[in-house]
Amino acid sequence: MFNALKFVKTRTLLALVLSLFFVSESVAESLSLEVARAQVSRDLRTEMPIVKVTFTNASRKAFGDFSNSNLGYPVEIRLDGESLMKAVIREPITGGVIHIVNARWPPEKVNDLAARLSKAGARVDVERAPN
């Protein structure tokens with residue numbers, strides 16, 4: 001005999017499991033990283049000005065884990081909600097250093113960014129971006 005209550009419970013459970021699967025797939029992993037120091041430098045190949053950002057030890061480890069679990073995916077780096085750059089992670093970044101570069105930024109913007117990132121307690125947010 002058909003048990004309607006059992007059918008409804010099973011169907012509800014299945015819907016819950018499927019919704020959790022799809023929600024977990026669509027939620028972007030986000031990470032807030034503390035900056036130890038930032039300085040203006042030059043890209044050795046292009047001679048473009050870059051901001052060399054070094055993370056604290058705890059953030060270095062966290063970013064290494066994040067980059068390892070997001071290989072092949074685009075990520076966005078933000079400061080105070082402002083998108084600084086988007087890039088695809090090609091290999092784990094375990095050294096705790098990233099280079100922020102934008103060919104359209106004038107030298108003043110690069111200097112300003114390095115100064116903002118050099119302030120005590122500065123943090124950048126890193127999040128997996130949509131494909």
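How many helices and strands does the protein chain have? There are 3 helices and 6 strands in the protein chain, where helices (H or I, at least four residues) and strands (E, at least two) are DSSP runs numbered from the N terminus. Along the sequence the pattern reads α-β-β-α-β-β-β-α-β.

Before clicking further, some ground rules. This is a predicted model, in which local features need pLDDT of at least 70, side-chain atom pairs count only at pLDDT 80 or more, and totals for chains, interfaces and linings use all residues. Residues are numbered from 1 along each chain as its sequence is written, and side-chain values use heavy atoms, with hydrogens and water left out.

**Colour by confidence.** pLDDT is the predictor's confidence in each residue, from 0 to 100. The protein chain averages 84, and 79% of the residues score at least 70. Now select residues 7-27: pLDDT stays under 50 there, and the model has 1 contact beyond four places in sequence for this stretch. Contact means heavy atoms within 4.5 Å. Where pLDDT is low, the predicted coordinates should not be read in detail.

**Select 74-79.** This is strand S3, and 6 of its 6 residues are buried. Buried means under 20% relative accessible area, exposed means over 50%, and partly exposed is in between (1.4 Å probe, protein chains only). For scale, 28% of the 131 residues of the protein chain count as buried. Show the side chains: Pro74, Glu76 and Arg78 point one way from S3, while Val75, Ile77 and Leu79 point the other way. In a regular strand the side chains alternate between the two faces of the sheet.

Two strands pair if DSSP finds at least two bridges between them. Strand S4 (residues 82-88) pairs with S3 in the antiparallel sense over 6 bridges, and Ile77 sits opposite Met85 in S4. Strand S6 (residues 123-128) also runs antiparallel to S3, joined to it by 4 bridges. Here Glu76 has Glu127 as its bridge partner.

**Zoom in on the turn.** S3 and S4 form a hairpin with 2 residues between them. Asp80 in this loop has a positive phi of about 50 degrees although it is not a glycine. Is Asp80 buried or exposed? Asp80 is exposed, with a relative accessible area of 67%. For another positive phi, jump to Glu47, at near 65 degrees, in the loop between strand S1 (30-42) and strand S2 (49-55). Glu47 is partly exposed at 48%.

A pocket is an open set of points on a 1 Å grid over the protein atoms alone, where a 1.4 Å probe fits, with protein on both sides within 12 Å along at least five of seven lines; lining residues have an atom within 4 Å of a point. The largest pocket is lined by 17 residues, with Met85, Ala87, Ile93, Ile98 and His99 nearest its centre. The elements giving two or more residues to this lining are S3, S4 and strand S5 (97-100).

**Last stop: Val51.** Val51 is found in strand S2 and counts as buried at 0% relative accessibility. Beyond its neighbours within four places in sequence, Val51 has contacts that include Ala38, Ile98, His99 and Leu117.
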